[in-house]
Amino acid sequence: MSNTQNIQWFPGHMAKTKRQISETVKIIDAVAEIVDARIPISSRNPDLMGIIGNKPHIILLNKCDMADSKATEQWIDFYKTHNTMAIPVDCKSGKGLNLFKETVKTVLADKLKANKEKGMIGKPLRVMAVGIPNVGKSSFINKIAGNTRAKVENRPGVTRGNQWFTVDKELELLDTPGVLWPKFEDETVGEHLAFTGAVTDRIIDTELLAMRLLEILVEKYPKMLEERFKMTEFCEEPYDNLCFLAKKRGMMIRGGEADTLRASNMLLEEFRNSKLGRITLEVPNA
Ligand code: G4P
């Protein structure tokens, strides 16, 4: 489990991160924003677009191996209509990352053309990787740049703590210090991040969380519940559905009652490990 999971966001840290990113944006060519393809809305930082202004921007729909591929396609189309290029990637296996460099070059086509006209050939493109915790930013950098951490340089205007990586002679990747925050004042965002395990569920009642997830699955992915738990009929009350799951898995406590806490942990864990199937909780314009 990611050790960034229990991060606390403080106004001072947030302001500092914002400042660092605004400073750094001046010296890079493009921004690669990593989001969780299962929750592409909730896994974004609400202030990022304001901070990066009109800097060319790519979205990496990461963990696409766990997301519903139809929904991922919908997201790609959605971003396209908003003039943003998005690519599905799986930074655990590296699948899809072969498209990254070409995508960077596509969004920077004008700049590359201008550089060529000025005779500036061979200067590597610089891309800053950003993302809230647990979206897979470290996995992305690691997969694409491996162990190519460049030495700390004293380039003027470069924020201390910025870490450069060399992908190849045409591309450099930058990891910025500071932790980006989600839109945590939004209840649905908090819930979705807790489902995926991006924020700790210790602050949220496990049974309530599991019942919410179950409600969503009943509505959007009933077939998966049928396949995994032989659940063919659904009760009005999420609690009754949770009791059904507990009984199906033989999770009982003394007196023949359903152990709903165990069943909740089981459901959340099976969702997080994709044992239920490929699920996306947020679709465009929903
Ligand atoms: P972060 O830097 O943005 O905080 O994220 P990090 O790379 O640490 O990834 C968070 C978790 O998500 C890790 O799992 C990582 O393996 C997993 N992950 C990242 N990208 C993908 C992906 O495309 N597909 C899948 N299935 N998983 C991905 P973990 O359980 O915290 O650690 P571990 O399993 O690597 O031990």
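The legends below describe close-up views of a predicted model and its ligand.

Local features are reported at pLDDT of at least 70, side-chain atom pairs at pLDDT 80 or more, and totals for chains, interfaces and linings over all residues. Numbering starts from 1 along each chain as its sequence is written, and side-chain values use heavy atoms, without hydrogens and water.

**View 1. The shell around the ligand.** The ligand is surrounded by 18 residues, where a residue counts if one of its heavy atoms lies within 4 Å. The closest are Asp65, Asn134, Lys137, Ser138 and Ser139. By class, the shell holds six nonpolar, seven polar and five charged residues; nonpolar covers Ala, Val, Leu, Ile, Met, Phe, Trp, Tyr, Cys and Pro, charged covers Asp, Glu, Lys and Arg, and polar the others, including Gly. Helix H6 (residues 137–145) gives the most, with three residues; helices are DSSP runs of H or I with at least four residues, strands (E) of at least two, numbered from the N terminus.

**View 2. Backbone atoms at the ligand oxygens.** A polar backbone atom of Cys91 is 2.8 Å from a ligand oxygen. A backbone N or O atom of Asn134 also lies 2.8 Å from an oxygen atom of the ligand, and for Lys137 the distance is 2.8 Å. The protein buries 72% of the 700 Å² that the ligand exposes when taken alone (Shrake-Rupley method, 1.4 Å probe).

**View 3. Strand E1 and its partners.** Seven of the seven residues of E1 (residues 30–36) are buried, meaning under 20% relative accessible area with a 1.4 Å probe, protein chains only. E1 runs parallel to E4 (residues 125–130), joined by four bridges, with Glu33 partnered by Val130. Six bridges pair E1 with E2 (residues 57–62), also in the parallel sense, and Ile34 stands opposite Leu60; pairing requires at least two DSSP bridges.

How values were computed. A polar contact is a pair of N or O atoms within 3.5 Å; within protein, one must be able to donate a hydrogen and the other to accept it, and residues adjacent in sequence count only if both atoms are side-chain atoms. Buried means under 20% relative accessible area, exposed over 50%, partly exposed in between (1.4 Å probe, protein chains only).
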